[in-house]
Amino acid sequence: MQHPDDGLCPPAGRTGSPDGESGYYTRLNPADGTVASRVPAHGVKAAVAAVNAAARAFPGWSGQPAAARRAVLDRAAGLIDGYAPEIARLMRAEIGATDDWVRFNLDIARRHLETAADLTEHIGGGVRRDAEGLQMCFRDPVGVCLAIAPWNAPFVLGMRAVATALACGNTVVLKASENCPAMHMLIGRVLAEAGFLPEGALGIVTHAPDLSEEIVTALIAHDAVRRVNFTGSTRVGRIVAELAGRHLKRCLLELGGKAPFIVLEDADLDAAADAAAFGSFFNQGQICMATDRIIVMEQVADAFAQRLAALARNLRAGDPMLGGYALGPMVSEGVAQRIEDMVADAVAKGAMVLAGGARRGPYVDAVVLDRVEPGMMIYAEECFGPVAAICRVQSEAEAIGIANDTRYGLSGAVFGRDIAHALGVARRIDSGMCHVNAPTLNDRPDMPVGGVKDSGFGRFGGVQMLDEFTETRWIDIARAPRRTGFGRPDSGAGI
Amino acid sequence: MSSAAQVPDPAQMQRARTAIAQARAAFPLWAATDPRARRKGLLALADALRADAPRFQTLAAPEAGAETAADLRRAVEILEAAAGACTLPEGSIAPMDAAGRIQMQLVQPRGVCLGIVPAVAPISHTVRAFAFAIALGNTVVILPFEGSRDVHGLIGQCVERTGLPPGVVGVVPAAPGEGTQLAAALIAATPVRHVSFAGPQPAARLVGRLAGENLKPMLLELQGRSVLIVLDDADLEATADAVLAAPDAALGPVIVQAAVAEALAANIAARGGDAGALWLLKVPGDGAALAAALDGAPAPGCAIFSRDLGRALWLAEGVGAANCTINRLPLPDGGPAASDGRFCGASGLAEFTERRRIGIDAPLWPHQP
């Protein structure tokens, strides 16, 4: 599927233009087309230079004791409040973020830094004594990590792409998204101000949209780059994985999703509607874990749909600068157009609009679609817009079937009062994460966040994340110099 | 503990000393034995116990056939779980300090472990007292506190037949009433580095005091009556079945929410039980149920009956019993062997090993030019 903007394709419409002559790239505000930010338009040469600088910084940074790395990350977490006004301004200007979305980004990004700081205590290794000697497994830093972060949660996803990598003693090159380049540059400023990062330890590559593919290709191919982490669309994730595979670089991919949200017969319908609205409409649905397919048992479908529609009718989209709107603009007018087309396609094929539906430029109010069925665009594709799509089912087996009838598997949710039962349903959803009686949107730096199937592989967060940013090396010391007796017919036993 | 504690005869004391000496002598070699060989030994012992099922049955009272079968099954599960732990123990390497020095914590077996075992479920309790301990390279001396029985002898025979080196598992036979004196002598013995005990509270106090006096790390599992908590949304028929299935000696207070107390009694009566014989505590709500459970004597087990798993889980976290189950009794089936108290699983790994710090004073940074 064509993702709204995934970092490799030029954003549609009027949202940006390369400014090659001056060596700058201008990102335009999706709400009003004014200039949101002006950043250096780097080319491949500069990107390669950033990796070289990171490679030079690596011995110095990896040679810091864990406590020193911890201190930098903790200090950075403490600096976030001071940057809050600037972050809010940039997030509004570059991606049309609402105040709630800014607060969410500040809070979770801070927790990413704190969690990464804590992880420094776990970067050591294991050791075992046995008859052959001392078997040590060291968790060592890997070298330069390439981080590719998307625009939709600029501060959170940019921060998590670099924080743990730095905590583990690596140096990092962050390829900024062309939709929020100033926000991604600001991550570098926060960490630099936190101090002690050697020159080049965190490089940020901003660029004009048309150079994206060329730059990513050069970065992944660079010998010094040892790991790649990517958050973004499945379409681009596949390209990144292919490139990483060709160059035998391990990669961590968190890609698109089609999170199912199952409402069982005994669910608390008010709580379910609240969580569904949050999951479907927060940040205009432009979140990989957004609630994308609401699967409701027929017996409670009318009552649930009424509640959700009532909530949605109050969720209007407007310019976040004016305040008072729950939803901001879509990242571009082209994306808004695509949402309108998807809704029209569903309606043409029999779905009913219970709330929202019309588009005003880049603005789309919260939409509730009932009776969504296979064959509709919105049933199969990742929506990435403020649309709550309700599928009615007759049985639990059918509910689980529809939940798993997708090539994605990132998040999910199940609502039901009988928790043992709901837990049983959750365990049968084929996804990396699933929440019982809680929204599909749940980002916690201390828990493993990631997907299965076309939603990617590897995990951001939790101790599982250490594997993504360290190399485990087995080093042993033989009890005594070991003689194999190789080649001597009388003593083959040592081999 | 028996008040009529007897002084063991000198020959008995000598046998205890011999068992300790054999365990001490066996330890260095057993600790250095390839974990794969230890694993093989544990699995062979599991097979030997299984093969001897008919003999274990003949030792038990005819009416206890099913109990013995369950006891034996559990013992076999524990041995198999312990076999899987032989290769697990791994120490840690701390993050490097400012000078690039590394400090590691090696995980090593403790040495001779003393396992004091009760008379109930003798096969699984005995096996549990040594399975993870020997898997991790310790040697073990078993003392049946309430007097040894033929079943301990039979377990000893199985151990011998398995070909485990002499001294890896030794059983000190004890006459009824001798347990106290023998325990005192064994706990004080210098080579004993860890004491474990499972049994009733008075004996646990004695063992705890002796181990404390001798500065021996200890694992005490107090056996006692389980608490039942019946919430107002419980399936009362299933609850009544569980109450009646519980052995009298294992059942402590039944804390029931007042709204369903009568209905529970009626369900018990309908099944031919006598609700009057139960120790029923009526409470108004969840908070009061939790308070009642915490107010009583510490219970090793707690069963909570409720259709609302969320409610039951919150209570289970609060009650403080080591073994808590939801909608079934905590004992005797207990759950997977690897989760059996602190004797098995991850807790067993920690219990039957000690960590030794070793620091190397040299800069050992990776990736330095």
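View 1. In S3(A), Ser37(A) is the bridge partner of Arg27(A). The model is predicted: local features need pLDDT of at least 70, side-chain atom pairs count only at pLDDT 80 or more, and totals for chains, interfaces and linings use all residues. Residues are numbered from 1 along each chain as its sequence is written, chains are lettered from A and ligands numbered from 1 in the order in which they are written, and side-chain values use heavy atoms, with hydrogens and water left out. Strand S2 (residues 24–28) of chain A pairs with strand S3 (residues 35–40) of chain A in the antiparallel sense, over 5 bridges. Two strands pair if DSSP finds at least two bridges between them. Helices (H or I, at least four residues) and strands (E, at least two) are DSSP runs, numbered from the N terminus. The hairpin of S2(A) and S3(A) has 6 residues between the strands, and Gly33(A) takes a positive phi near 75° there.

**View 2. A salt bridge within one helix of chain A.** Arg110(A) forms a salt bridge with Asp107(A), with the closest N and O atoms 3.8 Å apart. A salt bridge here is a side-chain nitrogen of Lys or Arg within 4 Å of a carboxyl oxygen of Asp or Glu. Both residues, Arg110(A) and Asp107(A), lie in helix H3 (residues 99–119) of chain A, 3 residues apart, about one turn of the helix. Over all chains, the structure holds 47 salt bridges.

**View 3. The contact between chain A and chain B.** Chain A gives 27 residues to the contact and chain B gives 25 residues, where contact means heavy atoms within 4.5 Å. About 1,900 Å² is buried between chain A and chain B, and carbon and sulfur atoms give 67% of this area. Buried area is the accessible area (1.4 Å probe) that two parts lose on being put together, summed over both. How many salt bridges are counted between chain A and chain B? The count is 0 salt bridges.

**View 4. Strands across the two chains.** S4(A) and strand S1 (residues 91–93) of chain B run antiparallel and are joined by 3 bridges. Gly125(A) stands opposite Ile93(B) in S1(B).

**View 5. An annotated span of chain B.** UniProt places the feature "domain: Aldehyde dehydrogenase" (unreviewed entry) at residues 11–245 of chain B. UniProt positions follow the numbering used here, feature names are shortened, and annotations may be inferred rather than shown by experiment. The end C-alpha atoms of residues 11–245 of chain B lie 44 Å apart, and the span is 54% helix and 19% strand.
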